[in-house]
Amino acid sequence: MPHPYVLLSAAVSLDGYLDDTGPDRLLLSSPADFDRVDEVRASVDAILIGAGTIRADNPRLLVNSETRRAARVAAGKPPYPLKVTVSGSGELDPAANFWHTGGDKLVFTTDKGAERARALGLAADVVSLGPELDWRRLLEHLHEERAVERLMVEGGGRIHTQLLQQGLADEVQLVLAPLFVGTPDAPRLFGPGGYQSGRLRLLESRRIEDVVLMRYEPTAPGTGPLAVAADHQWLALACEFAAQCPPSRTAFSVGALVVAADGTELARGHSREAGDPVVHAEEAALAKIAPDDPRLATATVYTSLEPCTHRASRPAPCARLILDAGVRRVVTAWREPDTFVAGADGTGLLTAQGADVVVLGEYEDRAKAPNRHLL
């Protein structure tokens, strides 16, 4: 299921702390950066924090600029984004600022937590995610039931950690403040555990008064049948490559990439590349990688169209080339129609040989765009 674009936002000290252990919140950002955060808040559909952050900081989570609120209203949006919190226990303080400022509020919790939360009479909708908290279900609900396209997550560190570990964060906006905390039991931004993010890609680095904003996006593909945020980014890029294909009346325009498990792009290709009238995108990309490259065994192939299973122009179809290369994970946007081959089923061939195929149908229109003349 599609889910919102998830943006993690935090400010940390030089030694990686979100706060100190004093009774008051440690202000890490500069005035100009607080204004930038206000601008980001105004651009999203929902803002999420954990129940622990409500207890520790008692935030209001508002768009403070009247001009920005007016711009939201002019665009047909409410003046404030939806405010969301997550609590497994449902133990929440009804007197907290969170409930009494801004617009609509939403609580995600467990079956048991929902009983407690509803008994508090909170000015919020309460949604149970089942016996345990489930981040994928939460994001799907926000997208499907609340029309949330962009979600800003402002903490705390445990929530940031879980979303990054599960590959559900599309972007990390990190502000580095020029001070040290140095207290071992102060809260940190990210906790220990296994991360799927690999090496993140730097999108922007900007000085804002005495702090530095750094924006990153994860690059590491997922594993198995579940999609992660980086899968969406790589597949979108493959769909862009499809537009580079010389148009044809007898073949689809397709873009493809091969990406290693750590997020390193190994190769890219597109249909009819380099003047070859019959080369396919996956074939062109795989041909650029040494057959004995050990990274292929854990790599992912991203292709705008499902790999082919039948072709007259080459001995082996692309699904077979992928399997022979040792790749066992494919992410695609569009199942092959019967335009040229009846009953094409690259997914079936790949899965029968133990490969995982992930179809992200929300990118189908992008994959079809350079092929409209064939449909």
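Thr309 counts as buried, with a relative accessibility of 14% (buried is under 20% relative accessible area, exposed over 50% and partly exposed in between, with a 1.4 Å probe and protein chains only). The model is a predicted one, in which local features need pLDDT of at least 70 and side-chain atom pairs count only at pLDDT 80 or more, while totals for chains, interfaces and linings use all residues. Residues are numbered from 1 along each chain as its sequence is written, and side-chain values use heavy atoms, with hydrogens and water left out.

Back to Thr309, which sits in the loop between strand E12 (300–303) and helix H10 (318–324) (helices, H or I, of at least four residues and strands, E, of at least two are DSSP runs, numbered from the N terminus). Setting aside neighbours within four places in sequence, Thr309 is in contact with Pro317, Ala319, Ala344, Asp345, Gly346 and Leu349 (contact means heavy atoms within 4.5 Å). Arg329 is another buried residue, at 4% relative accessibility, and belongs to strand E13 (residues 329–332). The Arg329 side chain makes a polar contact of 2.8 Å with the side chain of Asp231 (a pair of N or O atoms within 3.5 Å; within protein, one must be able to donate a hydrogen and the other to accept it, and residues adjacent in sequence count only if both atoms are side-chain atoms).

As for nonpolar cores (sets of buried Ala, Val, Leu, Ile, Met, Phe, Trp, Tyr and Cys residues joined through side-chain atoms within 4.5 Å), the largest has 29 residues, and Leu48, Phe108, Leu138, Leu142 and Leu151 touch the most other members. At least two residues of this core come from each of E1, strand E2 (46–50), strand E3 (82–86), strand E4 (105–109), helix H6 (135–146), strand E6 (150–153), helix H7 (157–165) and E7. Beyond four places in sequence, the contacts of Phe108 include Val84, Val86, Leu129, Leu138 and Leu142. Another core, of 25 residues, lies apart from it, with Leu235, Phe252, Ala281 and Tyr363 among them.

Helix H7 has Gly157, Ile159, His160, Thr161, Leu163 and Leu164 as its buried residues, and their cover includes E1, E2, H6, E6 and E7. After H7 comes Gly167, with a positive phi near 70°.

The structure holds two cavities of 30 Å³ or more (on a 1 Å grid over the protein atoms alone, a cavity is a set of points where a 1.4 Å probe fits but cannot get out, and a pocket is an open set with protein on both sides within 12 Å along at least five of seven lines; lining residues have an atom within 4 Å of a point). The second largest cavity takes up about 30 Å³ (grid points are joined across faces, edges and corners, and a volume is the space filled by probe spheres set on the points). Strands E1 (5–12) and E7 (171–176) each give at least two of the lining residues.

The second largest pocket contains about 430 Å³ of space. Its lining has 23 residues, with Thr250, Ala251, Phe252, His280 and Arg311 nearest the centre.
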